[in-house]
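Subject: Structure for your files, with notes on helix packing and domains

Dear colleague,

I am handing over the structure below, together with my notes on what was found in it. Please read the notes with the structure open beside them.

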Amino acid sequence: MARIAVPALEEAPAKSQPILQNYVKVLGLVPNFFAMISQSPDALKAIADMHAALGKSLGHKTRERIHVMTAEVNGCNYCLSAHTYLGAKLQGLSAEDMELNRDGHSTDPKADAALQFAYKVAKGRGHIEDADVEAVRAAGFSEAEIVDIVAETAFSFITNIFNNTFKTEIDAAFPPLRTKAA
Amino acid sequence: MARIPTPSVEEAPARSRPLLAEVDQRLGAIPNFYRVVSNSPAALEAVLGFQATLQGGALDGLITERIAITVAEVNGCDYCLSAQTYRTRKAGVLDDAEITANRNGASNDITVDAALRFAKKLARERGHVTERDVDDVKRAGYSDAEIVEIVAHVALNVFTNFINEALKTEIDFPKVGTRRPT
């Protein structure tokens, strides 16, 4: 059971309602993570807006891959289950690709460079080497995309911290997975 | 030197310029952090939105400033610790004994102390806290919504810490080094 209340859609604060309704429209459900943080409409809005804003640049496939990777690094079963499900369903990522993502790799060569870089950022909490930045630049990523990879890695850390903290129950829609670390 | 460019308003991508100008107006200067992030207009929009939304949240501003100090120390982010120390000293709201306590995840105010202990553990353990940790912070008087916001603030600071460490943003405040060996 989650460590704080998880309100049903109709019990959530009025200010949270439109954001939750939007998840119903896009995903067909309100994942427990969003239902839980809906108790603070400001926290919910902050997360939802950041998610939307970051989506304008990096490309959804690699975003999902990064989420799968950090979930593994941070031992977040909820996030791993959710993003493996969404990665396949919404982005068409293969099981083989997402298995590699968990260790900071990808079947796609360019995405592989992004994932190796993101993995180092996640593992080192941002403490990386100049050579890591040079490697991702050499793989063809622009300055904007380098910022975006770090931002997406940090953003997925945000969701990991939330779901680890509150032990969010894995939604019935997501086949449950376990990280190697958890 | 930073690992990616630190543009001025004029040098920044067009979509970032109005956002940087807004920061300039609000703070009277544009900290290098925002300039570095401005390489990606999407990431800049994401981080400014997150900050603005959380500022309107349920938590007292003086708690959130102190969470930032705690988390910067945990993640070993010299840029963030320097910026945060400068801000709080300038505002004259916290004395040096309190700032030192905050760096250790503690406070001389007993209610804030509970929030900072929780924040430190969250940041260090990436959310892997115990039921008891969550209960302790509830017992200190924080509501579920406030606890969600404590986590959101920890997460926001993780975000800025990662960006500044990964991209080695040049420190544009009196330097305060974290204790973490880098």
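The notes below take the contact between the chains and then the domains of each chain.

This is a predicted model, in which local features need pLDDT of at least 70 and side-chain atom pairs count only at pLDDT 80 or more, while totals for chains, interfaces and linings use all residues. Residues are numbered from 1 along each chain as its sequence is written, and chains are lettered from A and ligands numbered from 1 in the order in which they are written.

Helices here are DSSP runs of H or I with at least four residues, numbered from the N terminus, the axes are lines fitted to C-alpha atoms over the stretch in contact, with angles running from 0 to 180 degrees between N-to-C directions, and an angle over 145 degrees counts as roughly antiparallel. On the α3(A) side the contact is made by A:Asp42, A:Lys45, A:Ala46, A:Asp49, A:Met50, A:Ala53 and A:Leu54, and on the α3(B) side by B:Ala42, B:Ala43, B:Glu45, B:Ala46, B:Gly49, B:Phe50, B:Thr53 and B:Leu54, where contact requires C-beta atoms, placed from the backbone, to lie within 7 Å. These residues divide into nine nonpolar, two polar and four charged (nonpolar: Ala, Val, Leu, Ile, Met, Phe, Trp, Tyr, Cys and Pro; charged: Asp, Glu, Lys and Arg; polar: the others, Gly among them).

In chain A, the domain assignment, which is automatic or from a database, gives domain 1 (9–54) and domain 2 (60–166), with C-alpha centres 23 Å apart. Six residues of domain 1 of chain A are in contact with ten of domain 2 of chain A; on the domain 1 side, α2 (32–37) and α3 of chain A each give two or more residues, and α2(A) gives the most, with three. That side has six nonpolar, no polar and no charged residues.

In chain B, the assignment gives domain 1 (14–55) and domain 2 (61–166), and their C-alpha centres lie 22 Å apart. Seven residues of domain 1 of chain B and ten of domain 2 of chain B form the contact. On the domain 1 side, α2 (32–37) and α3 of chain B each give two or more residues, with the largest share, four residues, coming from α3(B); by class, that side has six nonpolar, one polar and no charged residues.

With best regards

Technical notes:
Two residues are in contact if their C-beta atoms, placed from the backbone, lie within 7 Å.
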